[in-house]
Amino acid sequence: MTDLEGGLDEPEDLQPAAGSLKLVGDDDTYDASAWETATAAVLRKARRLGEDAPDSDVWAALARTTLDGIEVAPIGQPSDLDGLTSSGRPTRTGAWDVRTPLVGDDAAAVNEAALVDLDNGATSLHLEIEPGTDLAVALRGVLLDLAPVSLERPGAAQSEALARLLEDTPNDPHPGNNLSADPATALTFGEGIPDGGRSVADSFVETVRRAQSLGVLGAVVDGTALHDRGASDAQELGWTMAVGVHYLRLLTDAGFSVDEAAALIEFRYAATDEQFPTIAKLRAARRLWGRVLEASGASEVPQRQHVVTSRAMMSKYDPWVNMLRGTIAAFAAGVGGADAVTVVPFDERLGQPDAFGRRIARNTSSLLIEESHVAAVTDPAGGSYAVEKLTDDLAVAGWAELGRIEADGGFGEQAAAGVKERVAAVRAQRDEGVADRSRPLTGISEFPHLGETLPEREPWGRAGIHYGSAYEDMRAQPTSQPVFLATMGPIAAHTARATFATNLFAAGGVAVEAAGATSDTASVLEAYAGQPVVCLAGTDAAYADWGADLVAALRAAGASYVVLAGKPGDRTVTDVDDSCAMGVDALGFLGRIREELTR
């Protein structure tokens, strides 16, 4: 090979000697107090920390508390690892199973979509099809020895139909196939139970025994069923442990060993766009199940996790944002060690997902695996102070929830009633955050696009809550009259509050008509067209200077309800009917505005 002038010499050693690679300089000896000082300076500049407050107050200023009451610090520290009570790490090596969801009642259409998915990156299928749909037609041409199939909350007949297909497979069926028996969800949430004279327990045991004879999985512990009703992470963990324990009891009573029973169960969890809590939840789930099996006298049987991106977080409006939510959730699921990941198509809230929605969903995992190499490292979050601490905190909280369920007699009506009551309390707490936008929803409560045209999809839907449904209900019935935005002063002066108010009104399906650049009361009145609701938007100085005169003039011209963008008071304007500022109960405010516009 010819040497090139100016080239670099070949290194003598491809790797530095152990301990010789320095990533920091000799003077780079920073500690927590240095971080506090730098952070405090930023917060004071942003007026989030008082000038006289000690630098150490940054921890409280930046910490947040989860719905489970767990305080999450802004950064992790080595001391976070002191006193941890749980241990265990994900064991998946390499790529996760890309499991695409298929929905509907048209077996031929489901089959067409299944074959397209499997030809373009999917490695397994998750079917949510109506009872009576011909499963043989839906899975025609699917090689069940290579591409496993799981079912969404099937009845006994659907599980049996899949079992017959697996039985007829020329080769041994893939061990990841799952007959997906899930009586706990059916009994708890009234989604139908098997009939035919058999008890629910007998039907469950027969399905799992059939799965064992086929060499596939037989049961699902479905945490998404509780998540879809508003549960917190710890509640989802505690619930799945309780259901898992219930299934172990049913199966061991029927003659299975604990090891045999545990090996036939798959756990299904929800992944949200809250990245670190999702990672920690999945890691905590493995620790909790390991502790259950240890207490049951089992050997080490790893928990198998199928993770589905949250449907509750998905929005109907500005559905394109769902692509971002799904990507973050899928990333968190992969990093958290999920064995299989299902990305819900971005357009599912609009109806039955089309080919584009399904393609984006399956490609999300493909890009994370093949281009971002997220699956190249086992448990990449392991060792992170913050993640390890949150994992342990969630494991402790999940175990406490399991204890509450067991104290109510274990899985059954009494325990389920307690679970539902606690979930309702968490849902109310979350709703408060959504209402005052301390839990912002992009495209819904923040930055809504009022004039968007939504993609059209074939009708289809499923039960469950959606975090932004209160805003979406308003958007579905926009007001016929706009609010007059009485902008005060030049654009540069009023744009911040005008934008804030415009976005807030749009979140509730209310359009605005703005006065534009103005200089005095007369110029605002020139743009006013008699709208009953008026919102002043300007600086505090403008409010103090000519806000009161403007309010009086607008009332005289026909305004019946005057709103101030900002906080009313002696330094701004007092003669207003309502106001909006950061922290306002947006849903309550929008309800009042809509009521005034319909008078």
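## Residue D339

In this predicted model, D339 sits in the loop that runs between α12 (321-335) and β10 (340-342). Is D339 buried or exposed? Its relative accessible area is 18%, and buried means under 20%, so D339 counts as buried.

The side chain of D339 makes a polar contact of 3.3 Å with the side chain of R286. Beyond its neighbours within four places in sequence, D339 is in contact with several residues, including R92, W96, D97 and Q303.

## The sheet

Eight strands form an open sheet: the 8 strands follow the order β5-β4-β3-β10-β9-β8-β7-β6, and the pairing is parallel. At the edges stand β5 (149-151) and β6 (178-181); each has a single partner strand, so one side of each has no neighbour in the sheet. On average, neighbouring strands are turned by 30 degrees against each other, direction ignored.

The partner of β5 is β4 (residues 124-129), and the two pair in the parallel sense over 3 bridges. Within this pairing, H126 has S150 of β5 as its bridge partner.

## Helices on the sheet

Helix α7 (residues 200-214) lies across β6 and β7 (217-222), at about 130 degrees to β7. Helix α12 also packs on the sheet, where α12 touches β8 (265-271), β9 (304-309) and β10. The directions of α12 and β9 make an angle of about 170 degrees.

## Helix α11

Helix α11 covers residues 275-295, which is 21 residues. From first C-alpha to last it reaches 31 Å, close to the expected 30 Å. Of the 21 residues of α11, 15 are buried, so the helix is largely enclosed by the rest of the structure. Just after α11, G297 has a positive phi of about 80 degrees.

Definitions and conventions
Residues numbered from 1 in each chain as written. Predicted model: local features only at pLDDT ≥ 70, side-chain atom pairs only at ≥ 80, totals over all residues. Heavy atoms only, no water. Helix = DSSP H or I, 4+ residues; strand = E, 2+ residues; numbered from the N terminus. Expected span 1.5 Å × (residues − 1). Buried < 20%, exposed > 50% of the residue type's maximum accessible area, 1.4 Å probe, protein only. Polar contact = N/O pair within 3.5 Å; in protein donor to acceptor, adjacent residues only side chain to side chain. Contact = heavy atoms within 4.5 Å. Pairing = 2+ DSSP bridges. Axes fitted to C-alpha atoms, helices over the stretch in contact; angles between N-to-C directions.
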